[in-house]
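Here is a short briefing on core packing, chain contacts and annotated spans. Please look over the structure first.

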Amino acid sequence: MDAAFIQRIVGNLLDGLVVTLIVVAASMVAGNLLAVPLALARISPRRWLRWPAYVYILFMRGTPLIVQMYMIYFGLAQFREVRQSFLWPLLRDPVWCAIISLSLNTAAYSAEILRGAIQGVPKGLPEAGRSIGLRDGQVMRLITLPLAIRQVLPSLANETILLLKASAIVFTITVRDIMGEANIIRAQTFRTYEPLITAALLYLALTFLITMAFRLVEKRMGRHLVRQPKTIEEELRDLTVR
Amino acid sequence: MSDLIGLIGFGDKGWGFALLGGAIVTVEVAASAYLLGLAIGLLGAAAKLRGGRIARGIAETYTTVVRGLPEILLILFVYYGGTSAVRGLAGLVAPGVTIEIDAFAAGVAALGLISGAYSTEVFRGAILAVASGQREAAQALGLGRWLVFRKVVLPQALAVGMPALGNLWLVTLKDSALISVVGLRDLVGIAASGAAFSRQPFTFYMVVALIFLTLSLVSMLALGAMERRLTRGRREG
């Protein structure tokens with residue numbers, strides 16, 4: 001192993017790191033924004049909203065992400081309407097296709113989590129909202145949804161890590177993310193261990209950073225849950241009990 | 001519509017039989033990997049719960065690293081890394097021999113290692129969830145350690161862990177789609193050929209997605225039945 005080779009690996013993989021970060025961050029934001037209307041449709045009393053959402057979520061969760069991505073990147077070109085549409089510049093770009101398929105996929109998973117949280121909001125709270133004269137839409141927007149989203153936030157860290165891991169398959173549609181750069185070096189140099197282990201270390205470091213970042217955010221968001229400093233009476237009582 | 005049936009059907013120009021063969025390969029890979037994963041999971045849980053410091057450390061490192069890495073990276077690592085390791089060893093014995101690692105074996109090994117990391121955690125949690133009085137009562141009856149585990153602890157642990165293990169099967173089934181990347185002629189690999197041949201990629205990948213969906217739904221039904229059977233002792237009424 002020579003220094004030049006290591007330098008090349010590290011340089012290229014850091015380029016890949018930027019691509020991975022862009023793809024994951026964009027999909028995270030777009031996927032979660034999409035998850036809100038999807039979850040609302042999924043629990044809607046209207047059948048024409050509920051059923052499409054149900055089928056969409058079932059399809060996205062019941063089929064492999066790599067097949068969904070191939071359908072978008074390789075598949076859509078089959079239709080002339082797509083090739084002639086204004087979306088074509090996006091749909092033939094591998095990075096855009098990667099972001100689109102990861103967003104559509106993660107939206108289905110997030111929607112299910114959000115649905116659970118919405119249904120888990122204690123019934124009394126929306127009822128109280130209705131009793132002071134809020135309409136159904138207002139109850140959802142002002143009471144149920146904010147409470148549900150706060151419930152969901154802790155699972156966001158986990159989802160982001162899953163998304164990061166899932167994003168590694170985008171190299172199969174020629175995106176040069178961490179995995180893509182590592183695989184190119186592997187194929188060109190016939191050296192397997194150095195690029196793949198470096199990539200693995202980068203992914204582990206990213207997982208660690210995501211965990212830490214969310215822990216900080218959670219701590220900050222949970223500020224109001226931290227107990228107030230004890231009064232002197234309480235301190236004394238605790239001392240005597242012990 | 002008749003074009004579609006001609007393309008993916010079982011006629012002489014149809015890809016039906018090829019896709020069916022691919023589906024069988026996919027299920028074979030997924031099932032073998034899952035079983036391997038269960039075996040690794042039992043060993044891993046034993047190491048975590050009963051092992052000495054070294055065994056615990058190895059098991060802990062294994063589950064942390066494997067669960068933190070992308071599945072596709074592990075598959076490439078096992079496939080290419082395994083090939084060069086085996087080639088290196090063979091080169092020592094008989095120089096000039098070329099050896100290819102079977103994509104099927106590499107896929108099963110990689111996916112098995114992945115699902116093994118998750119099932120280690122499931123088994124560990126499920127075994128811990130069995131009340132210790134159960135184990136003690138069985139020991140008091142004079143059952144040996146192995147018999148206590150097999151007849152008392154494991155059945156109850158399985159009932160607790162069944163939902164998670166069922167989920168793990170569904171995940172492994174979907175992950176098995178990744179091994180087409182190392183050239184295995186599984187469902188996705190066959191579809192790629194069909195897509196290139198017919199210039200109708202969307203049709204082929206859609207069919208593959210629907211086959212996966214069917215496999216998932218059938219699995220969910222079967223898992224539901226198994227779960228009911230495993231928990232029949234604790235249902236009320």
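A:Ala199 touches A:Leu13, A:Ile178, A:Met179, A:Ala182 and B:Leu73, leaving aside residues up to four places away in sequence. Contact means C-beta atoms, placed from the backbone, within 7 Å. This is a predicted model: local features need pLDDT of at least 70, side-chain atom pairs count only at pLDDT 80 or more, and totals for chains, interfaces and linings use all residues. Residues are numbered from 1 along each chain as its sequence is written, while chains are lettered from A and ligands numbered from 1 in the order in which they are written.

**Core**
- A:Ala199 is among the residues with the most contacts inside the largest nonpolar core, as are A:Val67, A:Ile169, B:Leu73, B:Ile75 and B:Val208.
- That core has 112 residues.
- Such a core is a set of buried Ala, Val, Leu, Ile, Met, Phe, Trp, Tyr and Cys residues joined through C-beta atoms within 7 Å; buried means that 20 or more other C-beta atoms lie within 10 Å of a residue's own, with C-beta atoms placed from the backbone.
- Helix H5 of chain B (residues 103-129) gives the largest share, 14 residues; helices are DSSP runs of H or I, at least four residues, numbered from the N terminus.

**Chain contacts**
- In the contact between chains, 28 residues of chain B meet 28 residues of chain A.
- H9(B) supplies the largest share of chain B's side, 10 residues.

**Annotated spans**
- An unreviewed UniProt entry marks residues 17-41, 53-76 and 196-217 of chain A as "transmembrane region"; such annotations may be inferred rather than shown by experiment.
- Residues 17-41 of chain A are 100% helix, with end C-alpha atoms 36 Å apart.

Technical notes:
Buried ≥ 20, exposed ≤ 12 C-beta atoms within 10 Å, placed from the backbone. Helix = DSSP H or I, 4+ residues; strand = E, 2+ residues; numbered from the N terminus. Contact = placed C-beta atoms within 7 Å.
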